[in-house]
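Reader: I would like to go through this model with you. Could we begin with how its parts are named?

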Amino acid sequence: MAIDRQGTGLVIVRICLGVFFVCSGIGKLRWLMDSQVLSAQFTVWMHNVAPGSVSAWYLQRVAIPGAPILARLVPAGEFICGLALLLGFWTPIFALIAFLMVLNYQVASGAVFHVSFLANRSGLPVLGSTLGLAMGGVRLRWSLRL
């Protein structure tokens with residue numbers, strides 16, 4: 001019996017990302033009770049991004065006004081995506097959702113527009129891995145199938 005090396009590699013990536021997102025979601029549980037934690041982070045980012053940039057526009061128009069809602073959606077989204085990736089449940093869909101959440105974070109913080117983004121451990125590696133799973137994470141071994 002031959003081992004599917006590519007599929008096994010994607011399963012390892014899927015499980016590792018699942019752990020990453022579950023732990024990230026748990027680390028943000030306090031946001032559920034106090035959205036000011038997230039609002040304060042947005043304020044710091046707002047002072048650090050270039051005026052008139054995509055990040056500044058996004059923070060002013062979407063993130064800061066939506067902080068009370070985002071403070072509840074982000075921890076829940078990270079935890080649910082992480083759990084789905086751990087179990088292999090609808091991997092491409094939840095990997096795409098996780099990709100969009102991470103991209104949202106990187107754009108809002110302005111990190112994606114700097115060369116240092118390429119070495120940011122929660123940036124390019126996570127974006128690349130989630131996008132790879134969104135594209136190629138179908139019918140992997142050790143996946144929950146309903």
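Author: Helices (H or I, at least four residues) and strands (E, at least two) are DSSP runs, numbered from the N terminus. The model is predicted: local features need pLDDT of at least 70, side-chain atom pairs count only at pLDDT 80 or more, and totals for chains, interfaces and linings use all residues. Residues are numbered from 1 along each chain as its sequence is written, and side-chain values use heavy atoms, with hydrogens and water left out.

Reader: What is the order of the elements from the N terminus on?

Author: The order is α-α-α-α-α-α. The chain has 6 helices and 0 strands.

Reader: What does the C-alpha trace span along its principal axes?

Author: The span is about 60 × 35 × 20 Å. Of the 146 residues, 40% count as buried, where buried means under 20% relative accessible area, exposed over 50%, and partly exposed in between (1.4 Å probe, protein chains only).

Reader: At what angle do α2 and α4 pack?

Author: The angle is about 110°, and the axes of α2 and α4 are 8 Å apart. Axes are lines fitted to C-alpha atoms, for helices over the stretch in contact, and angles run from 0 to 180 degrees between N-to-C directions. The two helices α2 and α4 are therefore roughly perpendicular; angles under 35 degrees count as roughly parallel, over 145 as roughly antiparallel, 65 to 115 as roughly perpendicular and the rest as oblique.

Reader: Changing topic, which residues other than glycine have a positive phi?

Author: Trp-90 is one of them, with a phi of about 50°. Arg-139 is another, with phi near 50°.

Reader: Where is Trp-90 placed?

Author: Trp-90 is in the loop between α4 (67–87) and α5 (91–109).

Reader: And where does Arg-139 lie?

Author: Arg-139 is in the segment after α6 (124–136).

Reader: Is Trp-90 buried or exposed?

Author: Trp-90 is exposed, because its relative accessible area is 53%. Arg-139 is also exposed, with a value of 74%.

Reader: By class, what lines the largest pocket?

Author: The lining has 15 nonpolar, 4 polar and 2 charged residues. Here Ala, Val, Leu, Ile, Met, Phe, Trp, Tyr, Cys and Pro count as nonpolar, Asp, Glu, Lys and Arg as charged, and the others, Gly among them, as polar. A pocket is an open set of points on a 1 Å grid over the protein atoms alone, where a 1.4 Å probe fits, with protein on both sides within 12 Å along at least five of seven lines; lining residues have an atom within 4 Å of a point.
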